[in-house]
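Here is a short briefing to read alongside the sequence and the 3D view. Take it topic by topic, and find each part on screen as you go.

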Amino acid sequence: MESITSVTLRSLYISSIASLIAFSLALAISIALSSLSRRRAEMVLSIFEIFVGFPTIVIGVVLYILFYPRGPLGVLGILYTPYAIIIGEFLVALPIAVTHMFRYVYELKNYVRELVLSLGGSEKHVVKILIRELVPIMISSYLLAFSRAIGELGVALVVGGGIEGYTNVLTTAIALQTSLGNYEQAIQLGGVLIAITATIAAVLKVLGEYVLWRSS
Amino acid sequence: MEIELKNIWYSYDSYTYVLKDVNLVLREPGLYVVVGPNGSGKTTLLKILSLIIKPSKGSVLVNGRDFWVLGDDEKSLIRKSIVYVHDKPVLLRGSVRYNVELGLRLRGEKRGDEVLEYISRYGLREVLDKPVNKLSAGQAKAMTIVRALILKPKILALDEPFTFLDNTKVKLLIEDIQRIVRDGGIVVIATHYMYRDLEDISKNVIEVVNGEVATLSSVKKNPTL
């Protein structure tokens, strides 16, 4: 049986990459949306809000159909590989990253711009100060995306298959050990997963204390 | 410095206009008071006068030149003469000192003693190195006013400047406004309450109703709202 360390490291690796891609795209989407009128931006945002609670198992099934050898993207040959899980986790993490980041970016962009211009700064200064102000939001968005990615099971199970030593991640390992009756092992893996998500929650709390005063 | 608004219209959502065909000239030094009910367009008018937001229609002429067709460098140069202070304090992450000195840093200027003078005058010396979110509403408002005053602008636009301030700070601010006007500057304020001390130096009272300039009077009177 594969060691807990090995499964944990694989989980961290896959989820880090998936959430980094999700975070980067969420930032680009948030900036693009912030140039729209509030009404139009909210309309687009509502689509992402719908997907926040979308069942991950359904995303997994859709990806399975796409990546199946005879499917539309079967030629890529990535079904039951870590790449398939990364794509799946990216899709799971993207909506939460966008919905978390957009409102901060929208509000900050407007009031930072007004403040900087009103004090005699230029558009270049606006960008520089906006980035400075957005740092805590970017960190918390990334951590939220990571937290969502590492804790999901549906996608990892359907398109990853939980292959030991290759695509087995914390959630699939817990499911596998439980089905085999290895409850002690399953609880240990669960403890690791809880420790990771609890650490993220603690970091988010500290960041929240740090930035919340500015969001109103 | 002269700012002229010609046929200004402004809409935040492309459907409804908060300013409708506004024409206004700020030429002579002095105090200009913008009055009007809530949602009448006072803040938008001040932001357009301060060259922060571009009108949906119409022209903003600065010394006879259309500001919004100028190049970025020229715009930056002109903006250094005008400072706008929001009605609700706009604060950036960091210390009070970081926020107070923001305008100076953006302009690449240093005014050590003068900054400290204003900071002490408005009672902010003790909180200078505190995180800005620890300030009370009154202190935050005073901080944004100090941030503007230390820049010594030719035109100072203050949106509801007396909100959140205690009587002592209101008196200090009125003294500062009077001094700027005496020194040949232009101060534009949007306010719900006209202090007696300001009446004597007010050049014009601009009344905005439903996005239109309803009256433009040069009389020294108390605009009753």
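**A residue to start with**

A:L115 counts as buried, because 26 C-beta neighbours sit inside 10 Å. The cut-off for "buried" is 20 or more. Keep in mind that this is a predicted model.

**Around A:L115**

- A:L115 belongs to helix α4 of chain A, which covers residues 82–118.
- A:V126 is eleven residues away from A:L115 along the chain.

**Chain A as a whole**

- Which secondary structure does chain A contain, helices or strands? Chain A has eight helices and zero strands.
- Its pattern along the sequence reads α-α-α-α-α-α-α-α.
- The C-alpha trace of chain A spans about 65 × 40 × 25 Å along its principal axes.
- Chain A has 216 residues, and 40% of them are buried.
- Now take the contacts in chain A between residues at least 6 apart in sequence. Of these, 74% join residues at least 24 apart.

**The sheet in chain B**

- Chain B holds an open sheet of six strands.
- The strand order is β6-β7-β8-β3-β9-β10, and the pairing is mixed.
- Which strands lie at the edges of this sheet? They are β6 and β10 (212–217) of chain B, and each pairs on one side only.
- On average, neighbouring strands of the sheet are turned by 15 degrees against each other, with direction ignored.
- Look inside the sheet for strand β3 (residues 30–35) and strand β8 (residues 186–190) of chain B. These two strands run parallel, and five bridges join them.
- B:V34 stands opposite B:A190, a residue of β8(B).

**Where the chains touch**

- How many residues does each chain bring to the contact? Chain B brings 20 residues and chain A brings 18 residues.
- On the chain B side, α2 (72–79), β6 (82–85) and α4 (102–107) each supply at least two residues.
- Which element of chain B gives the most to the side that touches chain A? The answer is α4(B), with four residues.
- The residues on the chain B side divide into nine nonpolar, five polar and six charged.

Note on methods. Residues numbered from 1 in each chain as written. Chains lettered and ligands numbered in written order. Predicted model: local features only at pLDDT ≥ 70, side-chain atom pairs only at ≥ 80, totals over all residues. Buried ≥ 20, exposed ≤ 12 C-beta atoms within 10 Å, placed from the backbone. Contact = placed C-beta atoms within 7 Å. Nonpolar A, V, L, I, M, F, W, Y, C, P; charged D, E, K, R; others polar. Pairing = 2+ DSSP bridges. Axes fitted to C-alpha atoms, helices over the stretch in contact; angles between N-to-C directions.
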